[in-house]
Amino acid sequence: SPWKPVLLLLSPPAFSTTCARCAKDGRRREKRAISERQLTRYFVDQRKVRVVGGRGGGGGHSFYSEPRKVFGGPDGGNGGDGGHVIFKADQQMKSLSSVFPFYQGFHGERGGSKNCYGANGAHMYVKVPLGTLVKEDGRVVADLTQHGEEYIAAYGGAGGKGNRFFLSNENRAPTLFTPGEPGQERVLHLELKTTAHAGLVGFPNAGKSSLLRAISRAKPAVAAYPFTTLNPHVGIVHYQDYEQVAVADIPGLIKGAHQNRGLGMAFLKHIERCRFLLYVVDLSVPQPWIQLQDLKYELEAYEEGLSERPCVVIGNKLDLAQSRINLPLLREQVAERVIALSALTGDNLEELLLHLRELYDAYVKTEQSQGQSPVKW
């Protein structure tokens, strides 16, 4: 046959196309719906923990004795030290839900005869997520932001001294030995501030959760009523060069959030760790630029300088007719770059992904120029 099939090897595109039919996460693949009530038990951002270090082992009490050497002298060894309780940051942990309210370190062993020392108690490691603050009496005592970073929450007690320790010229047969000391006891408060590269900031029903589902594999709850999202969610955006950008979906804010109204400061704290911000506004409402002004005011009232971080304005719900009318008006009112898209249909997600990578590269370059290591996922 004169016609022969030709196999074309085409490399996949780096990002989704702007066509709604070919969008990366359009309506072709629906994600399994999960309610926020089910997610609540998995996400915990505060925990009160009582930690007690291991008790030290008691000192040994014995005298050396063998044939033809009855009075060999004291040979009781010292007891082992108690184990510490250590908080260790682990990037695989995303919540404090696995942290128990009480931890007890392992005890040291008692000292033995023949000058044998007791074994030290093993340390107890408690894995916590990145971005965990450790507070005691309202004062921050540790901030675990790097993978593998450790903080000794409670020291183990020192081991007791055996009677061999008290041997002297004045006392050749001491019977004195000391018990092990108790471990340190503390009551600590753990507070999680989500560590992510980008934070989605917006009012309720602006489409933040839908946007996160569209650009990542995260599955936050989506519904047609405000305050659907009650817990922060982190989605990972993957690129072809294996770089990963973490995007956090912050629960919706309202006016007066810095005064603890609505969900209040319980979730404003999660924005502190974001390196750059993605303001999500609803293009279908009248005067959408008012939303941006209110969001910046709430962030600045909560922490000075928070609204001045690198950012981009995302005009969502472009699939609605009123949104296309408000889009040029929004661009006239704001000085920041405006990216119009539709999280529902997938329109123009490519522009957001490209600009998100630009913000991430600028952040990495800035951290390296200052001699610091950027946060990796």
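Why is helix α2 (residues 208-215) largely enclosed by the rest of the structure? Seven of its eight residues are buried, so the helix is largely enclosed; buried means under 20% relative accessible area, with exposed over 50% and partly exposed in between (1.4 Å probe, protein chains only). The buried residues of α2 are Lys208, Ser209, Leu211, Leu212, Arg213, Ala214 and Ile215. Their cover includes β9, β10, β11, β12, β13 and α6.

The model is predicted, and local features need pLDDT of at least 70, side-chain atom pairs count only at pLDDT 80 or more, and totals for chains, interfaces and linings use all residues. Residues are numbered from 1 along each chain as its sequence is written, and side-chain values use heavy atoms, with hydrogens and water left out.

An open sheet of mixed pairing is formed by six strands in the order β10-β11-β9-β12-β13-β14. Helices (H or I, at least four residues) and strands (E, at least two) are DSSP runs numbered from the N terminus, and strands pair if DSSP finds at least two bridges between them. At the edges stand β10 (233-238) and β14 (338-340), each with a single partner strand, so one side of each lacks a neighbour in the sheet. The twist averages 25° from one strand to the next (axes are lines fitted to C-alpha atoms, for helices over the stretch in contact; angles run from 0 to 180 degrees between N-to-C directions).

Strands β12 (residues 276-282) and β13 (residues 311-316) pair in the parallel sense over six bridges, and Val281 stands opposite Gly315 in β13. Helix α4 (residues 289-302) packs on the sheet, touching β9 (198-202), β12 and β13, where contact means heavy atoms within 4.5 Å. The direction of α4 makes about 140° with that of β12. Helix α6 (residues 349-369) runs at about 155° to β12 and lies across β9, β10, β11 (244-249), β12, β13 and β14.
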